[in-house]
Amino acid sequence: LNDNRKSRGGHIDDKEIDELIAQWPAEVQETRVKGRFAAFLGAVYKTFNRSVHVIKPFKIPDEWPRYRAVDFGYNNPFACLWLARDKDRRWYVYNEHYQARETLAYHAERIKQISGKERYRCTWADHDAQDCRELKELGIPTMPAKKDIHLGIEAVQAALKVQGDGKPRLFIFKNCRNTAKEIAGYKWREGTETKDALDEPMSVNDHTCDCLRYGIYGIEGKFYFSESDLS
């Protein structure tokens with residue numbers, strides 16, 4: 001990327017390149033700027049900081065667009081997140097439902113109770129056809145989530161990054177305890193003496209992390225939905 005700077009004989013203004021790099025999460029800058037292989041080690045969301053990203057709840061303004069995201073589960077928890085987005089493109093996870101070993105009818109009723117009279121631009125869900133159909137019959141229609149793991153993670157990483165004004169683009173209300181706990185513990189899969197690690201996160205305690213990806217990447221992912229598509 002740096003070879004394209006005008007200061008180095010390239011064709012793109014240095015300021016434009018600097019602004020582009022500043023938007024990328026720190027976890028991928030080395031890869032995109034210098035072409036180095038990414039190191040998928042340790043925490044997935046290394047910049048997550050409870051003192052920065054977890055905030056006291058407040059009333060979400062009526063004009064902010066709202067979304068929901070669902071990750072199915074039975075023995076593993078069923079999770080649903082409620083997300084809002086302000087005029088500055090900042091995300092707020094303001095409610096959660098997180099429960100294992102219950103029926104879809106139970107989850108649908110809890111989602112309705114928590115949602116009240118709110119209106120949502122979209123409710124994303126995992127691609128389990130039977131669960132999606134049953135949830136729709138129970139009054140919760142969904143759209144299939146875009147499930148590219150790495151691009152979805154990058155979208156969340158970018159939202160977690162603290163911007164020039166000293167604030168990130170992702171906040172989590174204190175009442176969403178499972179969300180904050182899972183983000184903090186979300187880790188890349190480790191290898192063994194006989195097997196290399198796969199470049200993917202561990203599939204444990206990741207249910208709200210999946211929901212978070214579905215919501216943020218559903219709006220911010222390239223070549224997917226825009227706000228106008230969901231109006």
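The model is predicted, so local features need pLDDT of at least 70 and side-chain atom pairs count only at pLDDT 80 or more, while totals for chains, interfaces and linings use all residues. Residues are numbered from 1 along each chain as its sequence is written, and side-chain values use heavy atoms, with hydrogens and water left out.

**Helix H8 and Thr208**

- Helices (H or I, at least four residues) and strands (E, at least two) are DSSP runs numbered from the N terminus, and helix H8, which covers residues 207–220, contains Thr208.
- From its first C-alpha to its last, H8 reaches 20 Å with its 14 residues, close to the 20 Å expected at 1.5 Å a residue, where the expected span is 1.5 Å times one less than the number of residues.
- Buried means under 20% relative accessible area, exposed over 50% and partly exposed in between, with a 1.4 Å probe and protein chains only; because 13 of the 14 residues of H8 are buried, the helix is largely enclosed by the rest of the structure.
- Thr208 counts as buried at 1% relative accessibility, and its side chain is joined to that of Glu182 by a polar contact of 2.7 Å, that is, a pair of N or O atoms within 3.5 Å of which, within protein, one must be able to donate a hydrogen and the other to accept it, residues adjacent in sequence counting only if both atoms are side-chain atoms.

**The nonpolar core**

- A nonpolar core is a set of buried Ala, Val, Leu, Ile, Met, Phe, Trp, Tyr and Cys residues joined through side-chain atoms within 4.5 Å, and the largest one has 55 residues, with Tyr45, Leu170 and Leu212 having the most contacts inside it.
- Leaving aside neighbours within four places in sequence, Leu170 is in contact (heavy atoms within 4.5 Å) with residues including Trp91, Leu212 and Ile216.

**Aromatic pairs**

- Rings of Phe, Tyr and Trp (its six-membered ring) pair if their centres lie within 6.5 Å, and planes under 30 degrees apart count as stacked, over 60 as edge-to-face and the rest as tilted; by this rule there are nine aromatic pairs.
- Phe58 and Tyr92 form an edge-to-face pair, 5.6 Å centre to centre with 80° between the planes, and this pair ties together parts that are 34 residues apart in sequence.
- Phe58 is partly exposed at 34% relative accessibility, whereas Tyr92 is buried at 8%.
- The rings of Tyr67 and Trp91 have their centres 5.6 Å apart and their planes at 50°, so this pair is tilted, and it links strand E2, which holds Tyr67, to strand E4, which holds Trp91.
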